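Please open the structure in the viewer and keep the selection tool at hand.

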Amino acid sequence: MHTHKPSLNVLAAGSLRKALTPILSQFSQRHHVNINAQFGPAGLLREQIESGAEWDLFASANQEHPQTLLDLGLAHSVMPFLRNKLCLTTHRARITPTTNWLDLLTDPSIIVGTSTPGCDPSGDYTWQLFDRVEHHRSGAGEYLKLNAKQLVGGKGSLQVPATEIASAWLIRQGLADVFVGYAHYAQWLQNDADIAAITIPDADNIFATYALALHSDVAQPLAEYLLSNGVQQQFVSAGFSLR
């Protein structure tokens, strides 16, 4: 006799795809539950939930979207999950021993690529970084807000192949010279022959707190699993920081 396995619908920020996919597979096998996972810009996923999409757990790259669902009565509970920050990605050929993140980002001859503010928290964090650039160099941050190319993370944005890191793919396609994105991708680029990440000092960086929203108690075991010490260390190994 075949028993019907229960299912969980997980909506998660695209930046979690590489780390979260194997972790969800582990949970599925251990708890005998099917997991239907969808990854994308957290702002757009929140809009899907508000429009009636089926979901049990939402893993967002910020705290605001889960809190909005809680305030609307659409979420049962919200909890912090992980931390991240920003870095720059560019061609290795552009990097010298004296390369400075601020000089590179404010070079008017280059194309700066970003995600889309409002739709994707990565874009929101990038705009906050541009405010810090403005503090260092008057006019430079506002210039970036006007001229940076919002290439991914929005409605109708380019679809980056699922197996690719967006920043590296966009640079290889010639769509950007520098991309502002999440720092956890840096370790995935360590052995890349052409593309490398440049660190932004913590004093100037923007720190992102990821959060979970639960639709009901059904998702509680998965949330507890994601917050367990062993699984949190898997996320650390993937470049994230503890909450």
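The model is a predicted one.

**The two domains.** Select residues 7-82 together with 209-238, and colour them as domain 1. Then select 84-204, which the domain assignment gives as domain 2. The C-alpha centres of domain 1 and domain 2 are 26 Å apart. To the contact, domain 1 contributes 16 residues and domain 2 contributes 17 residues.

**The buried surface.** Next, display the surface between the domains. Domain 1 and domain 2 together bury about 1300 Å² there, with 54% of it on carbon and sulfur atoms. On the domain 1 side, select Lys18, Leu44 and Ala238: these residues lose the most area to domain 2 and together make up 37% of what that side buries.

Which side chains meet in a salt bridge? Select Glu47 and Lys155, whose side chains form one with an N to O distance of 3.3 Å. Across the interface of domain 1 and domain 2, 1 salt bridge is found. The same interface holds 7 residue pairs in polar contact, both residues of each pair being at pLDDT 80 or more.

**The contributing elements.** Now select helix 1 (17-31), helix 2 (42-50) and strand 10 (208-214), the elements that each give two or more residues to the side of domain 1 touching domain 2. Helix 2 supplies the largest share of that side, 4 residues. Finally, colour this side of domain 1 by class: 6 residues are nonpolar, 7 polar and 3 charged.

Technical notes
Residues are numbered from 1 along each chain as its sequence is written. This is a predicted model: local features need pLDDT of at least 70, side-chain atom pairs count only at pLDDT 80 or more; totals for chains, interfaces and linings use all residues. Side-chain values use heavy atoms; hydrogens and water are left out. Domain bounds come from an automatic or database domain assignment. Contact means heavy atoms within 4.5 Å. Buried area is the accessible area (1.4 Å probe) that two parts lose on being put together, summed over both. A salt bridge is a side-chain nitrogen of Lys or Arg within 4 Å of a carboxyl oxygen of Asp or Glu. A polar contact is a pair of N or O atoms within 3.5 Å; within protein, one must be able to donate a hydrogen and the other to accept it, and residues adjacent in sequence count only if both atoms are side-chain atoms. Ala, Val, Leu, Ile, Met, Phe, Trp, Tyr, Cys and Pro count as nonpolar, Asp, Glu, Lys and Arg as charged, and the others, Gly among them, as polar.
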